[in-house]
Amino acid sequence: MLNIFHGALALGSAFLWSLGIIEVVDASLYRLLFWGFGHPAQQINLAAMVSVWYLLSYFTVGGVTPSEKVSRTAFLLYVLFINAGSAHHLLVDPGFGAPWKIFNTSYVIYMAVLASLIHCFAIPASAEIGQRKRGFNKGLFTWLIKAPWSNPAFSAFFISLVIFGFIGGASGVIMGVEQINMKLHNTLGVPGHFHGTVAAGTSLAFMGLAYYVVPLIFRREWLSKFWARIQPFLFGGGLFLMAVSMNTLGRFGIPRRVWETSALVVPYKELLQATLGIGAVVAFLGALVFILHTVLTIIFGRKVEGKPKFPEVVQVSNPDEKTSTPGTIVLAIIFFLYLAIMYIINWYWLSRVWEVR
């Protein structure tokens, strides 16, 4: 409701101004209201996406969260604090004071990041628990190597999780730092961030869920297991190339919303732009395959009698039995190291903007 209220105030005032009914719309107030609508609208998708991750972990490998109470607490932290993320769109706005910016992007957003880190551990841990209960117990990562990658729901779920965490989530946290934001604001790093969140993370998670939902609702089998299996890799791989290229170009100073950048000299610009274009083509093909395959399945797929056979819903014995997750602990350490390295690199790049000779 608060999200809708912000949107009504922002868009309603702009509409009345366009008709000449009101003479002035304060620019700073409009931006505050607009992002009070725009960013929380994405947080609705975020909460739904995380819920889908938990569900697909359960469906595909029989995964269960290590602690249901902790996971529920993380969702509560989202409700209370995640909307503070809107402030990173306003860090370069001179109309808002430093105390407001520091409060929103430091003390409050820390709680939202804590919630994300809880899910970042709990969801892959749930998949590891499910896999180990299915007998994949050897070593740290046998459970991941032997995961059902041929199940498009699982591959979509895990690729979505990885891209969202390492590219979308990490870049969003870094952009929330006021000093770094001064350099990244309005660069290609911004669409690079949301191509790692909305485009890759959210869309791919919902695609993964569709592989279960479409046969259940329309009572049709998927036309082609081959196209179903490769589609998440096409879409996720293409968006990975796009997001990485955009984030890197943005950190080198390439602006967004600008079609001509030939006058800007940055390292590896042509290579990164070419990679971006290739990724866009591959991601588009992945999206096209999903749409066409879904529509054709609904129209021409063989009718299902009883439970759909593809993809299979996996069940494990003793789901409440405690199971250790050493592989996920190692993955979490890798993620923290990656995040620390990205912080250091971004601070270094920021220092080069105002180099002292």
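Student: Which ground rules apply to the values here?
Tutor: Residues are numbered from 1 along each chain as its sequence is written, and side-chain values use heavy atoms, with hydrogens and water left out. Because the model is predicted, local features need pLDDT of at least 70, and side-chain atom pairs count only at pLDDT 80 or more, while totals for chains, interfaces and linings use all residues.

Student: Are α6 and α9 roughly parallel or roughly antiparallel?
Tutor: Happy to start there! Helices are DSSP runs (H or I, at least four residues) numbered from the N terminus, and axes are lines fitted to C-alpha atoms over the stretch in contact, with angles from 0 to 180 degrees between N-to-C directions. Helix α6 (residues 152-175) and helix α9 (residues 225-251) pack at about 10 degrees with axes 9 Å apart. Angles under 35 degrees count as roughly parallel, over 145 as roughly antiparallel, 65 to 115 as roughly perpendicular and the rest as oblique, so α6 and α9 are roughly parallel.

Student: How many nonpolar residues does the contact of α6 with α9 have?
Tutor: Contact means heavy atoms within 4.5 Å, and the α6 side includes Ile159, Ile163 and Ile167, while Phe233 and Phe240 are among the α9 residues. Ala, Val, Leu, Ile, Met, Phe, Trp, Tyr, Cys and Pro count as nonpolar, Asp, Glu, Lys and Arg as charged, and the others, Gly among them, as polar. By class, this contact has four polar residues, two charged residues and a nonpolar count of 12.

Student: Is α6 roughly parallel or roughly antiparallel to α8?
Tutor: The axes of α6 and α8 are 8 Å apart, and the packing angle is about 160 degrees. That makes the pair roughly antiparallel.

Student: What is the handedness of the crossing where α9 passes α10?
Tutor: The α9 and α10 axes come within 7 Å and cross at roughly 150 degrees, which makes α9 roughly antiparallel to α10. A crossing is left-handed if the near helix is turned anticlockwise from the far one by less than a right angle, and right-handed if clockwise. For α9 passing α10, the crossing is left-handed.

Student: Which residues touch the most other members of the largest nonpolar core?
Tutor: A nonpolar core is a set of buried Ala, Val, Leu, Ile, Met, Phe, Trp, Tyr and Cys residues joined through side-chain atoms within 4.5 Å. Buried means under 20% relative accessible area, exposed over 50%, and partly exposed in between (1.4 Å probe, protein chains only). The core has 60 residues, and those touching the most other members are Val50, Trp53 and Phe157.

Student: Is Gln231 buried or exposed?
Tutor: Gln231 sits in helix α9. Leaving out residues up to four places away in sequence, Gln231 touches Met207, Tyr211, Gly286, Val289 and Phe290. Its relative accessibility is 0%, so Gln231 counts as buried.

Student: What distance separates the C-alpha atoms of Ala122 and Thr65?
Tutor: Ala122 lies in helix α4, and at 5% relative accessibility Ala122 counts as buried. Beyond residues up to four places away in sequence, Ala122 touches Tyr54, Thr65, Pro66 and Ser71. Ala122 and Thr65 are 57 residues apart along the chain, and their C-alpha atoms are separated by 5.8 Å.

Conventions
Helix = DSSP H or I, 4+ residues; strand = E, 2+ residues; numbered from the N terminus.
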